[in-house]
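Here is a short tour of ring contacts and a few neighbouring topics, written for someone who likes to check geometry. Please have a look at the structure first.

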Amino acid sequence: MRAGFEVGQGALDLIQPHEQWNYNNTLGAYVTTTTTPTTSSSASGFSAYGSKPAVNLERPNELSEWVEHVTKTLIEDLPESTPEESFQTDANMPTYADVSPRMCETRPRKMARGDWSDEVRFGDQGNKGLSLIAVLFECAVAISVDNLGEAHRMVLELTQMASPYSPSCGERVVAYFAKAMASRVMNSWLGFCSPLTNHKLIHGGLQVFNNISPFVKFAHFTSNQAILEAFQRRDRVHILDLDIMQGLQWPALFHILATRIEGPPYVRMTGMGTSMELLVETGKQLSNFAKRLGMSFEFHPVAKKIGEVVDLSVLQIRRGDAIGIHWLQHSLYDATGTDWKTMRLLQELNPRIITLVEQDISHGGLFLDRFVSSLHYYSAIFDSLGAFLPIDDNNRHRVEHSLIHREINNILAVGGPGRSGDDKFRVWRSELGRNGFLQVPMSSNSLAQAQLILNMFPPTHGYNLVQEDGTLRLGWKETALYTASAWTCHVSR
């Protein structure tokens, strides 16, 4: 692998004007270096909680601190639970146990919605926001104990009070959570939920998110760097993308592979997804790009989830290929199926490298668990968007509506009371370690890549990058949002 590489304009010229994809922002960020940048956050990691903030809701970058304090106050006002009702957590998950060690799914009671205005000076807008959060939390507790009539009443109240187009980030968060909880109430009455997934709308939203925020680029480039290092001096490689979507991250990697000193490898790629039409289109785009680079390339579309694959021959695995698996986890929909089946197949594949990017949010457990976790998480996401994008920015609305709203809805509403019935791993990193995989520490080059990406997005002071326990973690302020890690099978190692 070359010690240093800069992408020149020639790489960008390979993209034809008539093509749908726009890789300018993607390729332009890919610079390999041996210099380790100074991170903007302490290496000790992220702290979920700090001291009580003095909040001014007119400043959007304080939303997550405000939600943190208000949620803590509301939780402390709940009655204590019995041990059998206690909120269960996984020791390896980013939890809120230090705030609510006794939080439970218990019968809701009315909360005084103005009691905190003297303790925290919110102002007029703050009082409205505080009232909204109080009603939202009451609604969550009502749903958790199947008091659906009361929950429905509060959902109607919230939808009348909160707008997704409000200048207040807090009100936007409440509006989208109210929509998700309305879906949850309806699903609980009906007993099921089978949402329609508009993949084209999601893919378009991801392209916009990739342009206005560093989170998608962080996932792509840190993973690409780990794969590049694992494929060093290998002349036949096979990349398996568990949810390829439009394949936005791969042209940058192709360009680096095509310019290796030892020459480009023969690249085989298996792209997985739910729409064969979209997979075929993605394959055509990637094949055209690889052809312009003069790189030998094959693409195999598989319209299945990895947890549904029974026969490995479906994945077109060939003896002698160095296998790399990429998995960008998200909350938009279930992309992989049953977790234990997915784990079993990963073991059978015996990959040289697995790159995993996880959202630091709980997808499983009790409803109140998911509600509190997602409320803190998405408050920080809205914070980061509202810190430098105008209130009426079309791209901001598009990301909030087509992506963030869908993620919140999937976490809180899809599946009704019983969810899918499958046990989901809370932290895949822990499960990989317990199932014979060895962690490959993210290198200094990966850290440098991530730092360069952050420098592309103002305000740089808001994003935090931490290298800890072999992982790279990207967050906003004090909240970790995405964690990237790399793994290998002990046999490959």
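In this predicted model, Arg 236 sits over the face of Tyr 266, 4.7 Å from the ring centre.

A pair of aromatic rings is described by the distance of the centres and the angle of the planes. Two of the pairs are set out below.

| Pair | Centre distance | Plane angle | Class |
|---|---|---|---|
| Phe 215 and Tyr 463 | 5.8 Å | 80° | edge-to-face |
| Trp 327 and Trp 428 | 4.7 Å | 75° | edge-to-face |

Where in the chain do Phe 215 and Tyr 463 lie? Phe 215 belongs to helix α8 (residues 215-230) and Tyr 463 to strand β9 (residues 463-468), so the pair links distant parts of the chain, 248 residues apart. Phe 215 has a relative accessible area of 1% and is buried; Tyr 463 is buried too, with a relative accessible area of 1%. Both belong to a cluster of linked ring pairs that also takes in Phe 209, Trp 476 and Tyr 482.

As for the tryptophan pair, Trp 327 is in strand β6 (residues 322-328) and Trp 428 in helix α14 (residues 428-434), so parts 101 residues apart in sequence are tied together. Trp 327 and Trp 428 are both buried.

Trp 189 is part of helix α6 (residues 169-190) and is partly exposed at 45% relative accessibility.

Finally, the cysteines: Cys 169 is buried at 3% relative accessibility, and Cys 489 is buried with a relative accessible area of 6%. The whole structure contains zero disulfides.

Technical notes: Residues numbered from 1 in each chain as written. Predicted model: local features only at pLDDT ≥ 70, side-chain atom pairs only at ≥ 80, totals over all residues. Heavy atoms only, no water. Disulfide = S-S within 2.5 Å. Buried < 20%, exposed > 50% of the residue type's maximum accessible area, 1.4 Å probe, protein only. Helix = DSSP H or I, 4+ residues; strand = E, 2+ residues; numbered from the N terminus. Phe/Tyr/Trp six-rings, centres within 6.5 Å; stacked < 30°, edge-to-face > 60°. Lys NZ or Arg CZ within 6 Å of the ring centre and 35° of its normal.
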